[in-house]
Amino acid sequence: MKAQAINDALAPIRDRFYQSLRATQHDVHVELERALNDSATGRDALRQIATKLHKIAGSAGTLGFTRLGEQAHTTEYVIIDVLKSQSRSPTEAYLQVIEFLESCSDVLDADQ
């Protein structure tokens, strides 16, 4: 199969990925705000973010968005490490999430 034919065949899948990424970016942003503003539910918000990042990590890599997939994977594991530790500050996780959101924007801006 020629490269153009493969690219054409993947176009609808990429379009669904972009839609999913926009929704995930929004959801992660909302959960990050919750984590930052409500210490009582902050850990749960980080768990929600980690779950969303796990899904993006796999699909992004499969569709050729290697950097985004790696960023999602790294951020997921930073969150997991923070959640495992009762004494570790979540600040590092928050910063990683912000970097992930910026990576989402980079991918989505390149699509336009």
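1. Contact range. Of the contacts in the chain between residues at least 6 apart in sequence, 64% join residues at least 24 apart. The model is a predicted one, and the values here are computed from it.

2. Overall make-up. The chain has 4 helices and 0 strands, and its order along the sequence is α-α-α-α. Along the principal axes, the C-alpha atoms fill a box of roughly 55 × 20 × 15 Å. Of the 112 residues in the chain, 37% are buried.

3. Helix α3. This helix has 19 residues, and the distance from its first C-alpha to its last is 27 Å, close to the 27 Å expected at 1.5 Å a residue. Its buried residues are Leu68, Gly69, Gln71, Ala72, Thr75, Glu76, Val78, Ile79, Val82 and Leu83.

4. Helix α4. Spanning residues 91-111, α4 has 21 residues and reaches 31 Å from first C-alpha to last, close to the 30 Å expected at 1.5 Å a residue. Buried in α4 are Ala93, Tyr94, Gln96, Val97, Phe100, Leu101, Ser103, Cys104, Val107 and Leu108.

5. Packing of α3 on α4. How do the axes of α3 and α4 cross? They come within 9 Å of each other and cross at roughly 165°. An angle over 145 degrees counts as roughly antiparallel, so α3 is roughly antiparallel to α4. The crossing of α3 past α4 is left-handed. On the α3 side, the contact is made by Arg67, Leu68, Gln71, Ala72, Thr74, Thr75, Val78, Ile79 and Val82. On the α4 side, the residues are Glu92, Ala93, Gln96, Val97, Glu99, Phe100, Ser103, Cys104, Asp106 and Val107.

6. Packing of α2 on α4. Here the axes come within 12 Å and cross at roughly 40°, which makes α2 oblique to α4. This crossing, too, is left-handed. Leu46, Ile49, Leu53 and Ile56 of α2 meet Ala93, Tyr94, Val97 and Phe100 of α4. Ala93, Val97 and Phe100 are also among the α4 residues in contact with α3.

7. Thr75. Is threonine 75 buried or exposed? Its relative accessible area is 0%, under the 20% cut-off, so threonine 75 counts as buried. The residue sits in helix α3. Leaving aside residues up to four places away in sequence, threonine 75 touches Leu53, Gln96, Val97 and Phe100. Leu53 is one of the α2 residues that meet α4, while Gln96, Val97 and Phe100 are among the α4 residues in the contact with α3. Histidine 54 is 21 residues from threonine 75 in sequence, and the two are 9.2 Å apart in space, C-alpha to C-alpha.

8. Gln96. Glutamine 96 is found in helix α4 and is buried, with a relative accessible area of 14%. Residues up to four places away in sequence not counted, glutamine 96 touches Gln71, Thr74, Thr75 and Val78.

9. Aromatic pairs. How many aromatic pairs does a search of the whole structure find? The search finds 3. One of them joins phenylalanine 17 and tyrosine 18, a tilted pair at 6.3 Å centre to centre with 55° between the planes. Phenylalanine 17 also pairs with phenylalanine 65, and this pair is stacked, at 5.1 Å centre to centre and 10° between the planes. Phenylalanine 17 lies in helix α1 (residues 3-37) and phenylalanine 65 in the loop between α2 (42-62) and α3 (66-84), so the pair ties together parts that are 48 residues apart in sequence.

10. Burial of the ring cluster. Ring pairs link Phe17, Tyr18 and Phe65 into a cluster. Relative accessible area is 5% for phenylalanine 17, 10% for tyrosine 18 and 16% for phenylalanine 65. Values under 20% count as buried, so phenylalanine 65 is buried, as are phenylalanine 17 and tyrosine 18.

Technical notes
Residues numbered from 1 in each chain as written. Predicted model: local features only at pLDDT ≥ 70, side-chain atom pairs only at ≥ 80, totals over all residues. Heavy atoms only, no water. Phe/Tyr/Trp six-rings, centres within 6.5 Å; stacked < 30°, edge-to-face > 60°. Buried < 20%, exposed > 50% of the residue type's maximum accessible area, 1.4 Å probe, protein only. Helix = DSSP H or I, 4+ residues; strand = E, 2+ residues; numbered from the N terminus. Contact = heavy atoms within 4.5 Å. Expected span 1.5 Å × (residues − 1). Axes fitted to C-alpha atoms, helices over the stretch in contact; angles between N-to-C directions. Parallel < 35°, antiparallel > 145°, perpendicular 65-115°, else oblique. Left-handed = near helix turned anticlockwise from the far one by under 90°.
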